[in-house]
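Subject: Structure handover

Hello,

Here is the structure for you to look over. My notes follow below it.

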Amino acid sequence: MNHFAWGIGWRMALLGLLAGTMVYIGPASRFMPLLIVTSLILLLVAVNLYQYVTGVNRKLTYFLESVRYSDFAISFNADSKLGPSFAQLNQQFNEVLEAFRQARAEKEANLQYLNTIVQHVSVGLLAFDAAGQVELVNQAALRLLDTYRLRLLTDLAEQHPDLPTRLTGPDRQAAFAYTTVSGNDLAIRTTDVRLRGRLVTLVSLQNIRSELQQKEVDAWQNLTKVLRHEIMNSVTPLVSLTGTMQAILEHDIAANLPPLDTTPGASLPVLPNAAVVHEAVGDLGDALNTIAQRGEGIMRFVDAYRNFTTIPAPRVGVLAVQTLMQRVAGLVRPEFDGRQIIMTVISPPDSLPILADEAQLEMILLNLLKNAGEALEKTVNPHIRFEALLDGTKPVIEVADNGPGIEPEALDQIFIPFFTTKKTGSGIGLSLSRQMMQQMGGQLTVSTEVGKGSTFRLLF
């Protein structure tokens, strides 16, 4: 017999003894105090027996409540000494609670893991309910939408007036392109899901500006390759044939012409139109020389753009931007000082490492500074700001001038190969600079205001 049975036995025996005592005493008045005391003891023992018998039910109630409210810190050990069945029951309760505890810990770890991934992916993620309440937004989405906090979808209306309607309106598209005020080209996709009967809209935002720029560069490169191939194939034989014709004209025709005797009284040459022939041969020689020179010039011109399609792969490494900026500034400062251009070099006080190809980045910076200096040719009190800073967590180098700025009609074309606003420009400097930045994983952008200047930004 186990402890539980013994517990019930002695309590029942005590109840019987107390009940017999009360019967034995009877209603005699002289034993009334003893009767009252016996009755109280009998009541207490009856209550104790009830609690003792229903203890399993209370334990089961506590267990279910702990599961319902996810309170897995409770432990069942108090009545394990009442017998093997109680010990086994307590062990099973504790094991089930431990399984729930581990499952909750694993769920929280997975949730934390997923939240960390969501916050660190470069794709912007946004989730909102039918009322426009934002339930999830990561840092990439805030950065792409140029905001620091987003609680309601209508909070976007200030900077992006039409975006909330495009995300929730009846004509909403599952995928569309959107350009932000800052110039980011976003690919936006939306989908609806139901979570426990609630309708939630998931939105992904991806900056495709660099992809569009890369496609543009690839298109220009392919076009340049085709044009270069066709022009070289056409001009090369023409130049070769022109050289052959020059040799024939010089050695076979001109050498065998009769000389012209222009002395007074001299007899006519053998050919009656020899003077005309000499003049025609001279004109033909000049024409062939012009053709040869222009043909060679075209070949040099086309071959000069070979660099646009043959940029070597960058050798990316960690650079100290301060050292690089001082070296580049030292290369252009003598020219700027001679033209009385003030150049201010601003670098962050702390070390600002960047990932880039040192040689290519130096070429880019020299090109931007050279362009800035040329833009200040007619500016009074010319000034160039050459600055490195942090945009959030990303290093940025800016080259800004106070020149005339860039006209709106030219702003969209300055990165197009061969487009230039300068009389002696080749039109490939900015194109090459942007292409090199893209190969290094960065971006080259420009902002301008006519009459106040331009700012070129290298974002790494």
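**A threonine and its surroundings**

The side chain of Thr190 reaches the backbone oxygen of Gln173 at 3.3 Å. That is a polar contact: a pair of N or O atoms within 3.5 Å, where within protein one must be able to donate a hydrogen and the other to accept it, and residues adjacent in sequence count only if both atoms are side-chain atoms.

This is a predicted model, in which local features need pLDDT of at least 70, side-chain atom pairs count only at pLDDT 80 or more, and totals for chains, interfaces and linings use all residues. Residues are numbered from 1 along each chain as its sequence is written, and side-chain values use heavy atoms, with hydrogens and water left out.

Thr190 sits in strand β4, residues 185-195. Thr190 is buried, at 10% relative accessible area. Buried means under 20%, with a 1.4 Å probe and protein chains only. Beyond four places in sequence, Thr190 is in contact (heavy atoms within 4.5 Å) with Leu167, Arg172, Gln173, Ala174, Thr201, Leu202 and Val203.

**The whole chain**

The protein has 13 helices and twelve strands. These are DSSP runs numbered from the N terminus: helices are H or I of at least four residues, strands E of at least two. Of the 460 residues, 33% are buried. Among contacts between residues at least 6 apart in sequence, 59% join residues at least 24 apart.

**Cores**

The largest nonpolar core has 40 residues. Such a core is a set of buried Ala, Val, Leu, Ile, Met, Phe, Trp, Tyr and Cys residues joined through side-chain atoms within 4.5 Å. Those with the most contacts inside the core are Leu361, Leu369, Ile384, Phe386, Ile397, Phe456 and Leu458. Elements that give two or more residues include α10 (321-338), β8 and α11 (358-375). α10 gives the most, with seven residues. Apart from this core lies another, of 19 residues, among them Phe128, Leu153, Phe176 and Val203.

Ile397 is in contact with residues including Ile354, Phe386, Phe456 and Leu458.

**Strand β8**

Which residues form the covered face of β8? Ile354 and Ala356 do, while Pro353 and Leu355 form the uncovered one. In a regular strand the side chains alternate between the two faces of the sheet. Strand β6 (residues 317-320) runs antiparallel to β8, and four bridges join them. Two strands pair if DSSP finds at least two bridges between them. Val318 has Leu355 as its bridge partner in β8.

Best wishes

Methods
Buried < 20%, exposed > 50% of the residue type's maximum accessible area, 1.4 Å probe, protein only.
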